[in-house]
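Please keep the picture open beside you and look up each residue as it is named.

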Amino acid sequence: MSNIRVMAENWYQNAVFYELYIRAFADGNGDGHGDFRGAIEKLDYVKSLGVDCIWILPMYPSPLKDDGYDVADYNDIHPDYGTLADFKAFLDAAHERGLRVVTDMVMNHTSDQHPWFQEARREPNSPYHNYYVWSETGEEYAGARIIFLDTEASNWSYDEAAGKYFWHRFYSSQPDLNYDNPAVHQEMFKAIRFWLDMGIDGFRADAVPYLYEREGTNCENLPETHAFLKKVRQLIDEEYPGRVLIAEANQWPEDLLPYFGEGDEFHMCFHFPIMPRLYMALKQHDKTPILNILARTPPIPAGAQWLTFLRNHDELTLEMVTPEERQWMWAQYAPEPRMRLNLGIRRRLAPLLDNDKRRWLLMNALLLSLPGTPIIYYGDEIGMGDNIWLPDRHGCRTPMQWSAGQNAGFSPAGETYLPANDDPIYGYQVANVAAQEQDPNSYLWATRYLLQARRQCPELQHGRLEFLDIDNPAVLAYWRVSGEQRLLALYNLSEQQQSISLDLSTYQGRAMTDLLTSSSQELLTNWPVVKILTPYASHWLRF
Ligand code: GLC
């Protein structure tokens, strides 16, 4: 057991995560694809950001029709990314630096290239046939929505070899596993033990709402699904305490709550609905969407935590907003049709914010000061851009921009898995790690600074949240409080200067430091304290 595991049991509650796509990060063998050997060389960089845990996207053998979310073997590494030994070396190197590693476990479906499916379609009498969900007519479960709306016409596809339809919630190359078959449970437990035995620190469990199907329902969040997930948690608690189980369930807060169970299901759930509301509040110059969704967010069991994010490897999902809000978000943030995908927006953080440093700082400061464990998506810490002309979600998965050199310093190969982004503003010639290391005003140093400030403030990691009642919709103000420590977060969501007065009489005689403008230390003598908030200002006032 590595030293890292001796640390605090609830480590994930106060951590910062970094989402890393191995294929995109660093090419160690010059074949144009990122790999574990390459990523090892970059771990010092990851550590230098001030993050605690790396989440890596699926690294399994796969035809990569859904970038690895189409698994062809649960117990191996994709040959483009290296070998099991390379993976282990990556894990050890991360642990040596005090970084944890969680990986993706794709539970709902496999690739159609998985030997289970190949056998299942060929041989109706094989035990593998019953690993998948079949139909003679393809008419069952009509209440289930289609998720990949832009490409899939139905959740059923006809398989010629089997002479039947098979069920799939995502691409037709991703047949759903049949959780009514206990053998499938055993296979999943086997895969889970395999990686935990190797020493990973936990899993992000992919697409968990869809494990079971039942007629007359929307086939999401079913009681049977929760019962299975509780068995996974039990396995972790009994055999691998200290490892973390994370749910990817794109659902409303009240439907997310059951994924924590009574502290006996997931340790963490992504808080999907808050994400679009941060963008909404910013463009509407109005805090109401944030206040409303937090009011709708129920308390969670002790030992549980939300995972929060601004962007990830998928489209910026607009599933958890109303149809009117979705149209508004598209109009504001995705004016060109190519920017839209399914029910979302395929753009990266910096372009969404028009490369405006004030808004970038505000959004990141919000992310790092609201409750939850924040995740940073690789490349967003240097303001990387997207390439909307690439298919699917590839435009947000281009090579990490290390330098202005060949292929962004990502690879010496003639051709890379996707071209490096060479946009005049967001491309590698301009936005890259090497250049930003030299520039104290860069996104990179701002990221490091914010993470360091958060680390110094336990109240930001696990403090209580108390909103201040400020009668100005553009100004969002809240306390984070832990014991004696308190921090007042203040944000101006508008492009106009705002002035507010705060009654801080309780703090008379105490010094107040603004962590985000390093300059000011005020001794509080007079009140109300009048604060002038410049357009898009962010302040972390600490007493
Ligand atoms: C999750 C992943 C997404 C993938 C899908 C199907 O939503 O985040 O990238 O396509 O599951 O596995």
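1. In what order do the three strands of the open sheet stand, and is their pairing parallel or antiparallel? Please remember, before looking, that this is a predicted model. The order across the open sheet is β4-β6-β5, and the pairing is antiparallel.

2. The edges of this sheet are held by β4, which covers residues 134–135, and by β5, which covers residues 156–159. Each of these has a single partner strand, so one side of β4 and one side of β5 are left without a neighbour in the sheet.

3. If you look at how β4 is attached, you will find that two bridges join β4 to β6, the strand of residues 164–167, and that these two strands run antiparallel. Within this pairing, S135 stands opposite Y165 of β6.

4. Turning to the ligand, there are 13 residues around it, and those that come nearest are D66, D206, E248, H313 and D314. Sorted by class, the shell around the ligand consists of seven charged, three polar and three nonpolar residues.

5. Some side chains can be followed to an oxygen atom of the ligand. For E248, an N or O atom of the side chain is 2.8 Å from a ligand oxygen, while for R393 the corresponding distance from a side-chain N or O atom to a ligand oxygen is 2.9 Å. In H109, a polar side-chain atom lies 2.9 Å from an oxygen atom of the ligand.

6. How much of the ligand's exposed area does the protein bury? Taken alone, the ligand exposes 310 Å², and the protein buries 96% of that. The space that the ligand takes up is the largest cavity.

Methods
Residues are numbered from 1 along each chain as its sequence is written. This is a predicted model: local features need pLDDT of at least 70, side-chain atom pairs count only at pLDDT 80 or more; totals for chains, interfaces and linings use all residues. Side-chain values use heavy atoms; hydrogens and water are left out. A residue is near a molecule or strand if one of its heavy atoms lies within 4 Å of it. A polar contact is a pair of N or O atoms within 3.5 Å; within protein, one must be able to donate a hydrogen and the other to accept it, and residues adjacent in sequence count only if both atoms are side-chain atoms. Accessible areas come from the Shrake-Rupley method with a 1.4 Å probe; for residues, only the protein chains shown count as cover. On a 1 Å grid over the protein atoms alone, a cavity is a set of points where a 1.4 Å probe fits but cannot get out, and a pocket is an open set with protein on both sides within 12 Å along at least five of seven lines; lining residues have an atom within 4 Å of a point. A molecule sits in a cavity or pocket if more than half of its atoms lie within 2 Å of its grid points. Ala, Val, Leu, Ile, Met, Phe, Trp, Tyr, Cys and Pro count as nonpolar, Asp, Glu, Lys and Arg as charged, and the others, Gly among them, as polar. Two strands pair if DSSP finds at least two bridges between them. Helices (H or I, at least four residues) and strands (E, at least two) are DSSP runs, numbered from the N terminus.
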